[in-house]
Amino acid sequence: MDIFKIIDNFQKIDGDALGRLEYATRRHFMSKVGSKLATVAVPTVFASIVNKAFAQSAGAIDVLNYALTLEYLEDEFYKGGNAAAGLIPATDKTIFTQIGKHETQHVAFLVKALGTKAIAKPTFDFKYNGAFADVFTNYKTFVTVSSALEDTGVRAYKGQAGALIGDPQILEYALQVHSVEARHAAVVRRLAASVTGNAAMKGWITGKEGAVPAIYAGEDNLTQGGKDLKGLASKTDAAISEAFDEPLTKEAVLAIAGPFIKA
Amino acid sequence: MNKLLKPETNSGKREGETSPVNRRSFLRAAGIATSLGTIALTSACKDDETEPMPGGNGDTVDLGSGDVGVLNYAYALEQLEAAFYSQVITTPYMGMTDAEKTILTDIRDHEIIHREFFKAALGDKAIKGLTPNFASIDFTKKDAVLGAAKLFEDTGVAAYNGAGKLLKDGGNLLLAGKIVSVEARHAAVIRDMINPKSADFAGDDILDANGMDKAIAPADILNAVKGYVKETITGANVGK
């Protein structure tokens with residue numbers, strides 16, 4: 001069975017670095033257990049641990065700076081949207097305020113974790129070469145772009161999981177952000193469905209259903225773990241495609257995000 | 001705890017490398033207990049004295065070791081979710097709207113697909129079909145059903161997030177990633193059904209100050225869900 005094959009070259013990149021990471025983490029938890037201090041102190045301590053681990057793994061730095069680029073993009077997008085007078089209806093304001101808060105938190109975490117290795121924030125243009133010219137004045141456009149950004153974020157993080165398999169703690173952080181992007185995506189997709197009158201757009205991705213076709217290429221895949229799941233449990237192709245989200249490569253994501261990035 | 005600290009003979013890890021991780025997982029249990037609504041964590045130290053039998057036997061089901069253990073762990077959780085939503089659709093709560101039924105039917109189908117996928121992928125290494133125990137859930141009441149759904153989805157997200165680093169095969173890790181984001185979509189939609197247009201879909205009650213979801217170790221998740229399954233599930237060697 002293919003999926004059970006243990007691939008030796010996915011072993012730890014640097015066993016020593018991992019050892020130090022585990023040691024530092026253990027010490028932290030041993031000293032804080034049973035105390036509410038733990039939850040307060042964790043972000044800072046984790047960031048410093050991540051920093052140490054990064055020193056050992058160039059691959060992780062690349063992945064996290066790539067993530068930071070996307071988080072910078074999302075953060076600035078929601079800052080712009082939330083600040084634009086009359087754009088977001090009062091009924092939906094809470095949702096976008098919450099999403100914006102998370103993107104700011106993700107940026108802060110990554111910047112802290114990367115330390116001096118963090119890239120600077122690029123200059124963005126959310127009009128996307130004119131395609132979304134009214135993104136901060138037309139709510140339909142704003143919600144559409146938001147859903148596209150969130151689904152792209154989910155695909156982008158998923159696409160990097162394998163590259164972090166040798167950095168277990170960093171992989172875990174990436175997964176913890178990945179599922180939050182998916183929570184955002186689900187809720188914004190439902191808003192987009194309602195605002196644009198597209199009943200086929202659900203919180204999950206049916207086939208390739210989404211606002212911007214290029215972003216959903218391959219989402220209709222029915223083959224998982226080397227097995228064609230068509231007809232599994234007598235379920236429809238639609239349901240099977242919804243049950244699995246698909247990754248995107250860094251190249252594909254940067255091609256999608258490229259027109260947003262001016263410098 | 002003895003078995004948790006026992007050095008592994010085949011993995012190439014020394015005792016000093018494996019024990020801190022397990023100790024940490026154990027200690028973390030204290031912090032997540034209430035957030036998952038579990039009753040008690042007293043059995044975190046309880047250990048099955050008999051040697052684990054992959055596939056299980058009688059009332060005890062052992063998930064096995066290595067990646068197979070992780071996949072069986074996912075299979076066990078998907079079995080619970082699929083059984084839960086099947087019951088929800090078979091006996092709809094009072095006042096279930098068409099829109100709600102569509103969403104819950106979609107989720108049921110996703111969970112059945114996940115369950116059947118893991119069963120097929122695991123083949124003869126799959127654990128047996130589990131017997132759910134939903135006696136504590138009043139399926140006639142919307143609040144009770146959506147509350148349980150929220151618990152199951154949030155637990156599923158935290159479980160997959162915590163299991164990712166236990167996987168050794170990149171293909172399996174990608175599969176887990178493909179599924180966990182769908183569970184997160186479910187969690188968000190269920191939470192929005194409970195409290196529409198609020199911040200709850202990714203609420204401060206479940207995310208931390210870094211805007212991150214939880215990642216929880218198998219032992220703690222198994223404790224959190226043990227009231228919902230009749231068999232005793234042991235997962236001491238999952239990912240090892």
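Helices (H or I, at least four residues) and strands (E, at least two) are taken here as DSSP runs numbered from the N terminus. The model is predicted, so that local features require pLDDT of at least 70 and side-chain atom pairs pLDDT 80 or more, whereas totals for chains, interfaces and linings use all residues. Residues are numbered from 1 along each chain as its sequence is written, chains are lettered from A and ligands numbered from 1 in the order in which they are written, and side-chain values use heavy atoms, with hydrogens and water left out.

Helix H4 of chain A comprises 25 residues (90-114), and at 1.5 Å a residue it should span 36 Å; the C-alpha atoms at its ends lie 37 Å apart, which agrees. The expected span is 1.5 Å times one less than the number of residues. Chain A contains 8 helices and 2 strands, arranged from the N terminus as α-α-α-α-α-α-β-β-α-α. Of its 263 residues, 54% are buried (under 20% relative accessible area; exposed is over 50% and partly exposed in between, with a 1.4 Å probe and protein chains only). Among contacts in chain A with a separation of 6 or more, 72% join residues 24 or more positions apart, a contact being heavy atoms within 4.5 Å.

Over all chains, 26 aromatic pairs are present. Rings of Phe, Tyr and Trp (its six-membered ring) pair if their centres lie within 6.5 Å, and planes under 30 degrees apart count as stacked, over 60 as edge-to-face and the rest as tilted. The rings of A:Phe136 and A:Phe142 form a tilted pair, because their centres are 6.4 Å apart and their planes stand at 45°. A:Phe136 is partly exposed, at 25% relative accessible area, while A:Phe142 is buried, at 0%. In chain B, B:Phe84 and B:Phe134 are edge-to-face, since their planes stand at 80° with the centres 5.9 Å apart. This pair links distant parts of the chain, 50 residues apart: B:Phe84 belongs to helix H3 (residues 66-90), and B:Phe134 to the loop between helix H4 (98-122) and helix H5 (142-163). Both residues are buried, B:Phe84 at 0% relative accessibility and B:Phe134 at 12%.

One aromatic cluster in chain A includes A:Phe77, A:Tyr78, A:Phe96, A:Phe136, A:Phe142 and A:Phe260. Elsewhere, A:Lys250 lies over the face of A:Tyr66, 5.3 Å from the ring centre; the criterion is NZ of Lys or CZ of Arg within 6 Å of the ring centre and within 35 degrees of the ring normal.
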